[in-house]
Amino acid sequence: MWPIKNLSKIVLATILAFSTISYFLLSTDSASAATTENALVNTKNSDLTVRSGPGTNYKKVGSLKKGKSVTVYSRTKSGWSEIRYKDKKSYVSTKYLAFSPVKITKKKYKSISDLSYPQVSGLKSKTAQEKINRTFTKHAKEAYTSYLKVKQADKEDKNEEWCNGKTCNYMYATQYKVKYNQDGKLSILLYNYVYEGGAHGIGAVTSYNFKISSGKQMKIADILTSKQKYKKVQKYAYKYMGKHEDFFVDKQSDVPVNKHSQFYYAKDGIHLIFQEYEVAPYSSGNPSIKIPGAVYK
């Protein structure tokens, strides 16, 4: 009979084996299309109708305002584009979309299903395209090294008495989200997630921002070019957090805004994105705050 300590480990691991995987799947894009496109809603005087299927005979499920950015997973020959609206497969008329020239294709590093990373195509400058793709490939290669270490730990711990081979399923996975792909700018977030026992797994987000024309990777220091601008952004973020209960910061200096801060482009501004536990509880994941350009320009 197992000691109570080891029995507790088994029960906990069983629960976490499911909750960990569920968390990662929910925190990443549910779509599995190999290649996606980004577009802007380009209507004239009204919102763009979103329907449950590719045709006007399908039910209206919502609408999108002009200028809204959407990810398109496929286009039908009948003139409709598949998107995700409120996390559900939906469709809009393709003729009311203005497409970005940059296409994003999902790759699997060494054909491992848990290690997803993006590659871009369609850029006018092949040099810029190759530069961006090398950056993402490097990230995937480094993730692969960590993946192998976790797989080895998983193999070793399955020989322990408290693990029956099913209850200590460690995992390492990567995913990505395209956050901005217009106006000559590209922002993609790459998520690395690891579970090696304990209360839950740990995720980390890395933001990659590029000038599409040159392939230059942009850092937050390229945008916040003075100490005063950092302070203004920090103050704005702190005030935002003070109005929302999800955050646990007590003073402005608790909000980390520095040269290492993660961000992604937004229309007329940027989004700061934080790591787990950095400014909010684990349940909040990677919270983000939009910073209008007027704050720091």
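**Sheets, cores and rings**

Guide: Let us start with an open sheet of 3 strands, ordered β13-β14-β15, with antiparallel pairing. This is a predicted model, in which local features need pLDDT of at least 70 and side-chain atom pairs count only at pLDDT 80 or more, while totals for chains, interfaces and linings use all residues. Residues are numbered from 1 along each chain as its sequence is written, and side-chain values use heavy atoms, with hydrogens and water left out.

Visitor: Why do β13 and β15 count as standing at the edges?

Guide: β13 (262-266) and β15 (288-292) each have a single partner strand, so one side of each is left without a neighbour in the sheet. The twist from one strand to the next averages 30°.

Visitor: What makes β14 and β15 a pair?

Guide: Two strands pair if DSSP finds at least two bridges between them. Strand β14 (residues 269-273) and β15 have 5 bridges in the antiparallel sense, so they meet that definition. G269, for instance, stands opposite P292 in β15. The strands are DSSP runs of E with at least two residues, and helices are runs of H or I with at least four, both numbered from the N terminus.

Visitor: Which helix packs on this sheet?

Guide: Helix α3 (residues 227-242) does, touching β14 and β15, and its direction makes about 130° with that of β15. Such angles run from 0 to 180 degrees between N-to-C directions, with axes fitted to C-alpha atoms, for helices over the stretch in contact.

Visitor: Which strands make up the sheet that α2 lies across?

Guide: α2 lies across β10, β11 and β12, at about 5° to β11. These 3 strands form an open antiparallel sheet in the order β10-β11-β12. β11 and β12 are joined by 10 bridges, and L189 has S207 as its bridge partner in β12.

Visitor: What makes a group of residues a nonpolar core?

Guide: The members must be buried Ala, Val, Leu, Ile, Met, Phe, Trp, Tyr or Cys residues joined through side-chain atoms within 4.5 Å. The largest such core has 34 residues, of which I104, V120, F136, L186 and I188 touch the most other members. Its largest share, 8 residues, comes from α2. A second, separate core of 24 residues includes M241, F247, V249 and I270.

Visitor: How do you know whether F247 and Y240 are buried or partly exposed?

Guide: Buried means under 20% relative accessible area, exposed over 50%, and partly exposed in between, using a 1.4 Å probe and protein chains only. F247 has 15%, so F247 is buried, whereas Y240 has 31% and is therefore partly exposed.

Visitor: Why is the pair of Y109 and Y117 called edge-to-face?

Guide: Rings of Phe, Tyr and Trp (its six-membered ring) pair if their centres lie within 6.5 Å, and planes under 30 degrees apart count as stacked, over 60 as edge-to-face and the rest as tilted. The ring centres of Y109 and Y117 are 6.1 Å apart and the planes stand at 65°, so the pair is edge-to-face. Y240 and F247 also form an edge-to-face pair, at 6.2 Å and 75°.

Visitor: What makes R75 a charge over the ring of F99?

Guide: The definition asks for NZ of Lys or CZ of Arg within 6 Å of the ring centre and within 35 degrees of the ring normal. R75 lies over the face of F99 at 3.6 Å from the ring centre, and R84 sits over the ring of Y73 at 4.4 Å from its centre.

Definitions and conventions: Contact = heavy atoms within 4.5 Å.
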